[in-house]
Amino acid sequence: MEEELNKPGIKTNRKDFLKKGLFAGSVLATGAVGISSLTSCSNNSGKKIKVLTADGKLVEVDSNVIIEAHPCCAAPAKESRKGIPGKKFVMVIDLSRCKHALKCQDACQRYHHLSGMNVWLKVFKMHDAETMAPYWMPKPCLHCDKPPCVKVCPVSATYKRDDGIVLVDNDRCIGCRFCMAACPYSTRSFNWEEPQYLSETKGAVYSPELGFPQKKGTVEKCDFCPDMLRQGKLPHCVTACPNGVFYMGDLNEDSVSNGAETVRFSQLMKDKGGYRLNEILGTEPSVYYLPPVNRLFPFKDVEITKENTEETK
Amino acid sequence: MEENKKAINETEAVAMLHQFNEDLLPKKFGKIGKAWVALLCAVFLLGVYCYIIQLRRGLVITGMRDFVFWGIYISNFVFFVAISLVGSLVTAILYLLKVSWRAPLTRLSEIIAVAAIIFAGLIIIVDMGRPDRVVNMVLHGRIQSPIIWDVMVVSTYMVLSILLLYFPLLPGISFCRDHLKGIPKWQKRMYTILSLGWKNKPEQYKLVKKAITILSVMIIPVALCIHTVTSWLFASTYRPGWDSTNFGAYFVSGAFLVGSGGVVAGMYLLRRFNPSYEKYLTNTHFDRMGKLLVLLAVVYAYFSINEYLIPAYKMKGEEAHHLHELFTGYYAPMFWSVQFFGMILPIIVLLFKRGRRPFPMFIMAVLVIVCAWFKRYLIVIPSMSFLPVQEIPEAWKHYSPTLMEWAITGGSLAGALLVITFFIRYFPIISVWEVAEEKGVSTDIIYKHLHEGNEK
C-alpha cells in the first residue's frame with residue numbers, strides 16, 4: 001500500500017488509484033475511516049484491508065467498501081468563510097520553467113474529482129502576435145484582492161477570506177452564473193449536469209475548502225487547496241509540477257515555496273521581475289507571474305484542444 | 001375641452017355611454033379565438049414539459065456551456081423587461097402629460113406590461129442552475145449585487161403595474177358583474193370578488209383617479225430602474241460589448257420602442273377580430289402612435305450610434321474582435337437585418353402619412369418586435385463568443401440554442417400572450433369611463449349613468 005502511494009506518476013487505473021490513495025491518506029493523516037454500508041457491497045475485490053475503527057478496534061474489510069469519512073482537514077462551510085488566521089496566500093508562477101507537462105492539471109483534476117469538462121487549472125499557449133515568441137502559461141483562479149466575482153454574487157455563495165482565498169460554497173450557489181460573467185479571467189466552470197465522478201466522492205462531507213462532491217447547477221473553480229494549506233502542505237498543482245513552476249506561500253512571512261526550494265517572495269519579485277495579469281482592471285490578483293525569460297525548455301508546440309488534453313490523462 | 005363637454009347634452013351622452021358599454025363588453029371567442037388559445041396552450045405546455053426535463057437533467061439540455069454561459073433565456077428576459085416598459089409610457093407618462101388620445105390604449109399597454117413582467121420573472125428562474133434555492137436571495141441576499149437590485153425593482157414594478165391595471169378596471173369589473181348575462185358561476189364569482197364591492201359612486205371614482213395619479217408618478221422612476229438595472233447586469237462586467245456606460249439609456253430607449261410596437265400590434269389585432277373596436281381605436285390613434293414610434297426609433301438610433309460607432313472608432317483589442325463579428329463576421333447578417341428592419345425602415349415608413357395607416361403600421365410594429373427580440377440576442381450572446389480561448393471543446397465556442405431551449409423560451413412567450421388573451425376574453429380591454437371622458441362626456445354624467453345596463 002505504501003508502495004502504491006509513493007508512485008502516483010505510474011499510469012494505473014485512475015479510479016483504483018484514487019480509492020487506495022484516499023484510503024491510505026486518511027489512515028495516515030487522520031486515522032478516521034468510515035465504512036460504508038457493508039451489506040450493500042456488490043463487487044468484492046477480494047482484497048482485505050485492516051482498518052482502525054472509531055472505537056479503537058482493528059477490523060479487516062474488503063477494500064471496495066472503504067470510503068473516506070473525513071477526507072482531509074477542510075473546515076466546515078461556516079468556518080471556511082474566515083480563512084486561516086494570520087495568513088495571506090500568494091502564488092508565483094514561473095513562466096520560464098513551464099513546458100506544458102500538464103502534471104499540475106492532472107493532479108488538480110484527480111484530487112478534486114473534476115468531471116472531464118470542468119478544468120480548474122488551464123495551461124494556455126500564449127502567442128499574442130506573430131512577432132512574439134510563444135510560451136506556456138498555467139492559469140489557476142487568481143484569487144483577486146478586489147474580486148469582481150464576489151462583488152456580483154447575489155447570495156454570497158462566493159466570498160473572499162481574510163487569508164486572500166476566494167471560495168465558492170456550492171451548497172448556497174443559486175446557479176445564476178453572474179460570477180462567470182464578471183470574472184475577467186474566465187476561471188470559473190459550471191456543473192451543467194450531474195457531476196461525473198460522484199461515486200468516487202460518495203460519503204465525503206462537502207466543504208467549500210474541499211471543492212467536492214460537486215453539485216449540479218452550481219459554479220466551481222480553483223480554490224488554492226485550502227485543505228492542504230490548513231495542514232501546512234502545498235497545493236496539489238505545486239507538488240505535482242516536475243519543473244517547480246509553481247510557488248505557493250504567505251505574503252506576511254514573505255516566503256514562497258515550490259516544494260524544492262523556499263525563497264523570499266519580495267526577492268523573487270525583484271530578481272525576476274514579477275507581474276500580475278491585467279493590472280489595468282484593478283482586480284489585484286494574488287497570483288504573480290515571472291516572465292518567460294531564460295527558459296528551461298525550448299517551446300514545443302502542441303495543438304491544444306480539450307480533446308487532446310483529455311488524452312494525456 | 002370645456003366647450004366640447006357642453007356641446008354634448010345629457011341624453012346624447014347617456015346614449016353614447018350605453019353604446020360604449022355595449023361595444024366594449026368582453027365577448028366570447030369565435031373559432032379563430034379558440035384556435036389561438038389552443039395553439040398558445042399547446043406551445044406553453046410544451047415549454048413546461050421541456051422545463052421539467054431541464055429540472056431533472058440540468059442546464060446541460062441547453063446550448064450553453066462554460067464559454068457562452070448565458071443564452072436565449074437571458075436575452076428573452078431582457079426582451080420581456082423591455083416590452084413591459086410600455087405600460088409606464090402610455091399609462092403614466094402620457095397620462096401625466098395629459099395626452100387625451102391615450103385613453104383607449106392604456107389598458108392594452110398595461111396588460112402587455114403585466115404579462116411581460118410576470119414572465120420576465122419566470123424566465124429568469126428558468127435560467128437558474130438551482131431554482132430550488134431561489135429563497136437564498138432572501139436568506140442570504142447581498143445588496144451589493146445588481147441581481148438583488150433587479151429582483152427588487154422588477155417585483156416593485158410588477159406590483160405597481162398590476163395596481164395600475166387594476167384600479168381603473170374596477171368600474172369595468174363591476175359592470176361585467178352586473179350586466180354580463182349567461183356566464184358561468186365561477187366567472188360571476190370572480191367579478192364579484194375582483195370588483196371589491198364597487199358601487200359606482202363619485203367618491204370611488206375620485207379615489208381611483210387619485211390612485212392612478214400617485215401610481216403614475218411612482219411607476220416612472222421604477223420603470224426606468226427596471227431596464228437600467230437589467231442593463232447593469234451586463235454593464236457591470238468587463239466583457240466587450242457589455243462594458244459600456246451608455247447601456248442604461250440605450251436599453252431604456254430600445255424598450256420604449258419595442259413596447260410601443262407591441263401596443264400598435266395589439267391595437268391592430270383587436271380591431272381586426274372585433275370590428276366594433278374600430279370606433280375607439282381609430283386611424284387617428286394609429287397616426288399618433290406612428291409619430292411616437294418614429295420619435296422613439298430616432299432616440300434609439302441615437303443611442304445605438306453611441307453604443308457601436310464610438311467603440312468602432314477606437315477598435316480597442318477585444319472590443320474590436322467583438323465589433324468585427326457583429327459588423328462583418330458571423331453575426332453580421334443578423335446585426336444589419338435587425339438595425340435595418342427594426343429601426344431604420346420603421347423610421348422611413350412611418351414618416352409618411354400613408355405609412356401611418358393601420359396595416360402598414362401593423363407590419364412595422366411586428367418588424368420592430370421581432371427585431372427587438374433578436375437585438376437582445378445580439379446584445380447578450382456575441383459578447384461571450386469568439387473571444388480567443390483555448391482548452392475547450394470546439395462545440396463550446398459557438399452557441400446555438402437547442403430545441404428544448406427554444407421550446408422553453410417559446411413557452412414563455414406563449415404564456416405571456418395567453419395572459420393577454422385571457423384578459424381580453426374576460427375583461428373590457430378598453431376602459432369605458434376613460435374613453436367617455438376623452439370623448440368629452442362630463443364626469444357627472446359618467447358617474448350617474450355609466451353603470452346602467454342597456455336594457456333591450
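User: How do α4(B) and α6(B) run, roughly parallel or antiparallel to each other?
Analyst: This is a predicted model. In it, the axes of α4 (residues 72-84) and α6 (residues 106-127) of chain B cross at roughly 160°. Angles over 145 degrees count as roughly antiparallel, so α4(B) and α6(B) are roughly antiparallel to each other.

User: What distance do the axes of α4(B) and α6(B) come within?
Analyst: They come within 8 Å. The crossing of α4(B) past α6(B) is left-handed.

User: Which residues make that contact between α4(B) and α6(B)?
Analyst: From α4(B), they include Y73(B), F77(B), F80(B) and V81(B). From α6(B), they include I112(B), A116(B), F119(B) and I123(B).

User: How do the residues of that contact divide by class?
Analyst: The contact of α4(B) with α6(B) has 15 nonpolar residues, 2 polar and 1 charged. D127(B) of α6(B) is one of the contact residues.

User: What about α3(B) and α18(B), at what angle do they pack?
Analyst: About 140°. Helix α3 covers residues 31-57 of chain B, and helix α18 covers residues 403-426 of chain B. Their axes are 7 Å apart. That angle makes α3(B) oblique to α18(B).

User: Is the crossing of α3(B) and α18(B) left-handed or right-handed?
Analyst: Left-handed. By class, the contact of α3(B) with α18(B) has 17 nonpolar and 7 polar residues, and no charged ones.

User: Switching to chain A. In what order do the 5 strands of the open sheet come?
Analyst: The order is β14-β13-β12-β5-β15 in chain A, with mixed pairing. The edge strands are β14 (262-264) and β15 (287-290) of chain A, and each of them pairs on one side only. On average, neighbouring strands of this sheet are turned by 25° against each other, ignoring direction.

User: Which helix packs on the sheet?
Analyst: Helix α8 of chain A, residues 265-272. It touches β5, β12 (246-250), β13 (255-257), β14 and β15 of chain A. The direction of α8(A) makes about 75° with that of β14(A).

User: How many bridges join β5(A) to β15(A)?
Analyst: 4 bridges. Strand β5 of chain A spans residues 89-94, and β5(A) and β15(A) run parallel.

User: And what stands opposite I93(A)?
Analyst: Y289(A), in β15(A).

User: Now the two chains together. How many residues of chain B are in contact with chain A?
Analyst: 33 residues of chain B, in contact with 37 residues of chain A. On the chain B side, α7 (136-139) and α8 (146-166) each supply at least two residues. α8(B) gives the most to that side, with 3 residues.

User: What classes make up the side of chain B that touches chain A?
Analyst: 14 nonpolar, 10 polar and 9 charged residues.

User: What ipTM does the predictor give the complex?
Analyst: An ipTM of 0.89, along with a pTM of 0.87.

User: And the mean pLDDT of chain B, what is it?
Analyst: Chain B has a mean pLDDT of 89, and 96% of its residues reach 70 or more. Chain A averages 80, and 77% of its residues score at least 70.

User: Where does pLDDT stay under 50 in chain A?
Analyst: Residues 1-42 of chain A are one such stretch. The model has 43 contacts beyond four places in sequence for residues 1-42. Residues 306-313 of chain A also stay under 50. For residues 306-313, the model has 11 contacts beyond four places in sequence.

Methods: Residues numbered from 1 in each chain as written. Chains lettered and ligands numbered in written order. Predicted model: local features only at pLDDT ≥ 70, side-chain atom pairs only at ≥ 80, totals over all residues. Contact = placed C-beta atoms within 7 Å. Nonpolar A, V, L, I, M, F, W, Y, C, P; charged D, E, K, R; others polar. Pairing = 2+ DSSP bridges. Axes fitted to C-alpha atoms, helices over the stretch in contact; angles between N-to-C directions. pLDDT = per-residue confidence, 0-100. Parallel < 35°, antiparallel > 145°, perpendicular 65-115°, else oblique. Left-handed = near helix turned anticlockwise from the far one by under 90°.
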